[in-house]
Amino acid sequence: SSLEEANDSNISRQFYAVYEQEELEMQNIEMMALLLDEYKCNVQQRSSIYQIKEATAIATAQAYKVAKTRDEVRRDTYPPATLQVLQTVRGLVDEERMRAASEVERARARVQEYEGLGTGFARLAFEYGAALARLREREWALEQVQA
């Protein structure tokens, strides 16, 4: 009986030792998984940054190539005097575009002001427009009769 108890005690100790060993291995595996995840995130982040930098460099190089090609086509197609005129025209067109854009913004601001006045003002403006149209029709009819 004491031999059985000693054997059971020995088996229990062995089982507990194996259990502790397995528990340590599980902790090690969890720690390795955590480190691997963190490493993957860091590598992926660094890789993403490098990919962004590479794509930016490629896009910049392409933009320079397009500008160079555009300038070469202009140089080969137009004489210098024509290029100066084209640049002047482009400047005028850009100025006109900017002016038109500012007019659009002012018109939008006015529309917002009118909308802010409410429906009563909109109704009055509509009635005024209709009355003005009737007045023009009658003036035209009067001109036709007098002619």
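In which helix do arginine 97 and aspartate 94 lie, and how many residues apart are they?

Analyst: Both are in helix 2, which covers residues 80-116, and they sit three residues apart, or about one helical turn. A helix here is a DSSP run of H or I with at least four residues, a strand is a run of E with at least two, and both are numbered from the N terminus. An α-helix has 3.6 residues a turn, so residues three or four places apart point the same way.

Before going on, some ground rules. This is a predicted model, so local features need pLDDT of at least 70 and side-chain atom pairs count only at pLDDT 80 or more, while totals for chains, interfaces and linings use all residues. Residues are numbered from 1 along each chain as its sequence is written, and side-chain values use heavy atoms, with hydrogens and water left out.

Back to your pair. Arginine 97 and aspartate 94 form a salt bridge, with their closest N and O atoms 3.8 Å apart. That term means a side-chain nitrogen of Lys or Arg within 4 Å of a carboxyl oxygen of Asp or Glu. Side chains of opposite charge can pair when their charged atoms come close. Aspartate 94 counts as partly exposed because its relative accessible area is 28%; buried means under 20%, exposed over 50%, and partly exposed in between (1.4 Å probe, protein chains only).

Helix 2 holds another such pair. Arginine 99 and glutamate 96 also lie there, three residues apart, again about one turn of the helix. Their side chains meet in a salt bridge at 2.2 Å, N to O. Arginine 99 is partly exposed at 38% relative accessibility, and glutamate 96 is partly exposed as well, at 39%.

Now look at the helix as a whole. Helix 2 has 37 residues and reaches 54 Å from its first C-alpha to its last, close to the 54 Å expected. The expected span is 1.5 Å times one less than the number of residues. Just after helix 2, glycine 118 takes a positive phi of about 100 degrees.

How far can you trust this part? The chain averages 81, and 89% of its residues score at least 70. Where pLDDT is low, the predicted coordinates should not be read in detail.

The chain has three helices and zero strands, in the pattern α-α-α. Buried residues make up 0% of its 147 residues. By the salt-bridge rule above, the count comes to nine. One of them joins aspartate 76 and arginine 75, at 3.2 Å from N to O. Here both partners are exposed: aspartate 76 has 58% relative accessibility, and arginine 75 has 55%.

Notes
pLDDT is the predictor's confidence in each residue, from 0 to 100.
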